[in-house]
Amino acid sequence: MEVFGYTVELGGVVAERFCREDIGGNQLLCADSRAAEKMIDKINAAKAEGDSLGGVVEVRAAGCPPGLGEPVFDKIDADLAKALMSIGSVKGVEVGAGFRAAGMKGSECNDPIVPGGFRTNHAGGILAGITNGEEIVVRAACKPIPSIGKEQETIDIQGNPRRISVGGRHDVCVIPRIIPGVRSHGVHGTGRPPFTTEK
């Protein structure tokens with residue numbers, strides 16, 4: 001079994017292609033080297049403004065055996081979602097087609113089974129809470145880091161309006177730092193045996 005993660009979106013820049021070899025070739029661990037360059041430009045611009053950015057990471061687990069999980073009380077996708085939502089800055093989780101599935105027809109979203117296996121993987125490797133042997137695909141949406149140098153509105157302990165800016169050294173974005181955590185915590189948090197991660 002192999003688990004790997006990578007950046008699919010940062011600061012509104014979305015990776016348009018997937019090239020496994022590109023992941024190790026840039027500091028954002030993005031599978032699209034051209035998108036990675038644009039993401040880095042966004043990071044530099046946000047840093048200059050004293051601001052921060054959010055992003056989305058995707059994790060894939062290949063070689064996961066079918067039959068893990070339960071159909072009602074211990075769905076593996078529910079366990080993964082809980083584990084991922086327990087990581088700081090994660091505000092949304094998708095499995096497979098995720099939110100795109102809401103705009104599909106059943107005939108488009110269903111994964112047809114053919115003699116060689118599933119033709120598509122909109123379910124992200126999980127059907128009815130149980131792994132189906134296909135690649136597990138999950139995404140975690142991360143909010144922008146709240147500690148920024150740009151001045152913001154707040155109140156003091158008496159409830160009076162105040163403006164503050166946060167000094168010190170803070171990352172502009174949790175990506176790519178969060179990828180190892182999403183890759184391992186998302187699986188370890190299920191209470192199931194850990195996946196072997198790639199080196």
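These entries record what I looked up in a predicted model of one protein chain.

**Basis.** I note that residues are numbered from 1 along each chain as its sequence is written. In this predicted model, local features need pLDDT of at least 70, side-chain atom pairs count only at pLDDT 80 or more, totals for chains, interfaces and linings use all residues, and side-chain values use heavy atoms, with hydrogens and water left out.

**Overall form.** I looked up the extent of the C-alpha trace, which spans about 65 × 40 × 35 Å along its principal axes. For secondary structure I found four helices and 11 strands; these are DSSP runs numbered from the N terminus, helices being H or I of at least four residues and strands E of at least two.

**Burial.** I read that 40% of the 199 residues count as buried, meaning under 20% relative accessible area with a 1.4 Å probe, protein chains only.

**Sheet.** I traced an open sheet of five strands in the order S2-S1-S3-S9-S4, with antiparallel pairing. Two strands pair if DSSP finds at least two bridges between them. Strand S2 (13–14) and strand S4 (90–95) are the edge strands, each pairing on one side only. Within the sheet, I followed strand S1 (residues 2–10), which is joined to the antiparallel strand S3 (residues 55–62) by eight bridges. I also noted that Phe-4 has Arg-60 in S3 as its bridge partner.

**Helix on the sheet.** I found helix H2 (residues 76–85) lying across S4 and strand S9 (136–142), at about 155° to S4. The angle, on a scale from 0 to 180 degrees between N-to-C directions, uses lines fitted to C-alpha atoms, for helices over the stretch in contact, where contact means heavy atoms within 4.5 Å.

Methods
Buried < 20%, exposed > 50% of the residue type's maximum accessible area, 1.4 Å probe, protein only.
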